[in-house]
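Q: I'm new to this one and would like to walk through it with you. Could you show it to me?

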Amino acid sequence: MKRRQLIGYAGAGLLSTLAVTLAAKSQPAVAQTGSGLSVRWLGHTCFLFTGGGARVLVNPFRTLGCTAGYRPPKVEADLVLISSQLLDEGAVEEVPGNPQLIYEPGVYQFKGTQIQGIAIDHDREKGRRFGTNVAWLWTQGGIRILHLGGAAAPITIEQKILIGRPDVLFVPVGGGAKAYNPQEARAAIETINPRLVIPTHYRTQAADPAACDIVPLDEFLSLMEGTPVRRSQSDSLTIKPTDLPKDGTAIQVLSYKF
């Protein structure tokens, strides 16, 4: 019921125009200063972003297949962004509270910040198998974020112009039928040229061995030899503009607490 209510509200109020306001003017604005951004990994491609007076949850999932061993991402959020309505990227039934929801490409306004949803094919067959994936681009806490969701198609010149250079790129690296494999992820990184890369969508101990077709993170990292890798012993980190590499690109790996 909650899923229908959220998507129904979105269909009626959020998607009827190219740019819409999702929050009342009296609510605090998402700061565009260098206040910093808290990032928490909830498994797979799901992250909670906290900063500038807002909590943004991306891609809550249902626990099955490659996500079978993760905990359900039941966290409070003000806004939920989903990249597709597949169960590993768009299961909103158990998200608590009454967050706003965006799930289609377009330009939106939320608490004073612009959020851009960019359509990228969700498979290597021009979307014929899994449809359209939505990549999300926004600035929060002074950090410019690009979350590619389950992108499977190369980044086009037009998309690159739209994206610019993000501070932090969340990119799928584990392959399978619905997202970049390690080689495709590396090509996307070379095209986008972010300051910091956080890999997503790779095989962990959460995977059901009989129902998960993605590869472990190490296969991606082995292709990125020469790129600095920062490893955290936590599922969370705080990113400030001063923490970003001044030159080149670095990789940040978070640790899920099973």
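A: Here it is, and please keep in mind that this is a predicted model. A place to begin is strand β6 (residues 106–110), which runs antiparallel to strand β7 (residues 113–121) and is joined to that strand by five bridges.

Q: Okay, which residue stands opposite Val107 in β7?
A: That is Gln116, which faces Val107 across the pairing of the strands. Gln116 also stands opposite Leu137, a residue of β8.

Q: How many bridges join β7 to β8?
A: Seven bridges join β7 to strand β8 (residues 132–140), and these two strands run antiparallel.

Q: Back to the hairpin of β6 and β7, what does Lys111 do there?
A: The hairpin has two residues between its strands, and Lys111 takes a positive phi near 50 degrees there. Lys111 also belongs to a network of salt bridges, in which it is linked with Arg55 and Asp78.

Q: Salt bridges, then: how many does a search of the whole structure find?
A: The search finds seven salt bridges in the whole structure. One of them is between the side chains of Asp235 and Arg40, with a distance of 3.9 Å from N to O. This pair links distant parts of the chain, 195 residues apart, since Asp235 sits in the loop between β12 (229–231) and β13 (236–239), while Arg40 belongs to strand β1 (residues 37–43).

Q: Is Asp235 buried or exposed?
A: Asp235 counts as buried because its relative accessibility is 12%, and the cut-off for buried is under 20%.

Q: What about Arg195, which residue does it bridge to?
A: Arg195 forms a salt bridge with Asp167, and the closest N and O atoms of the pair are 3.2 Å apart. Because Arg195 is in the loop between α3 (182–192) and β11 (196–200) and Asp167 in the loop between α2 (157–163) and β10 (168–172), the pair ties together parts that are 28 residues apart in sequence. Arg195 is partly exposed, with a relative accessible area of 25%, whereas Asp167 counts as buried at 12% relative accessibility.

Q: Changing topic, what volume does the largest pocket have?
A: The largest pocket has a volume of about 230 Å³. There are 17 residues in its lining, and those closest to the centre are Gly65, Cys66, Asp88, Lys178 and Ala211. Sorted by class, the lining of this pocket has eight nonpolar, six polar and three charged residues.

Q: And the second largest pocket, which residues lie nearest its centre?
A: Of the 13 residues lining the second largest pocket, Tyr202, Arg231, Val253, Leu254 and Ser255 lie nearest its centre. The space in this pocket is about 170 Å³, and its lining divides into seven nonpolar, four polar and two charged residues.

Q: Which helix gives the most to that lining?
A: Helix α4 (residues 217–223) gives the most to the lining of the second largest pocket, contributing three residues.

Technical notes
Residues numbered from 1 in each chain as written. Predicted model: local features only at pLDDT ≥ 70, side-chain atom pairs only at ≥ 80, totals over all residues. Heavy atoms only, no water. 1 Å grid on protein atoms, 1.4 Å probe; cavity = no way out; pocket = protein on both sides within 12 Å on 5 of 7 lines; lining within 4 Å. Points joined across faces, edges and corners; volume = space filled by probe spheres on them. Nonpolar A, V, L, I, M, F, W, Y, C, P; charged D, E, K, R; others polar. Helix = DSSP H or I, 4+ residues; strand = E, 2+ residues; numbered from the N terminus. Salt bridge = Lys/Arg side-chain N within 4 Å of Asp/Glu carboxyl O. Buried < 20%, exposed > 50% of the residue type's maximum accessible area, 1.4 Å probe, protein only. Pairing = 2+ DSSP bridges.
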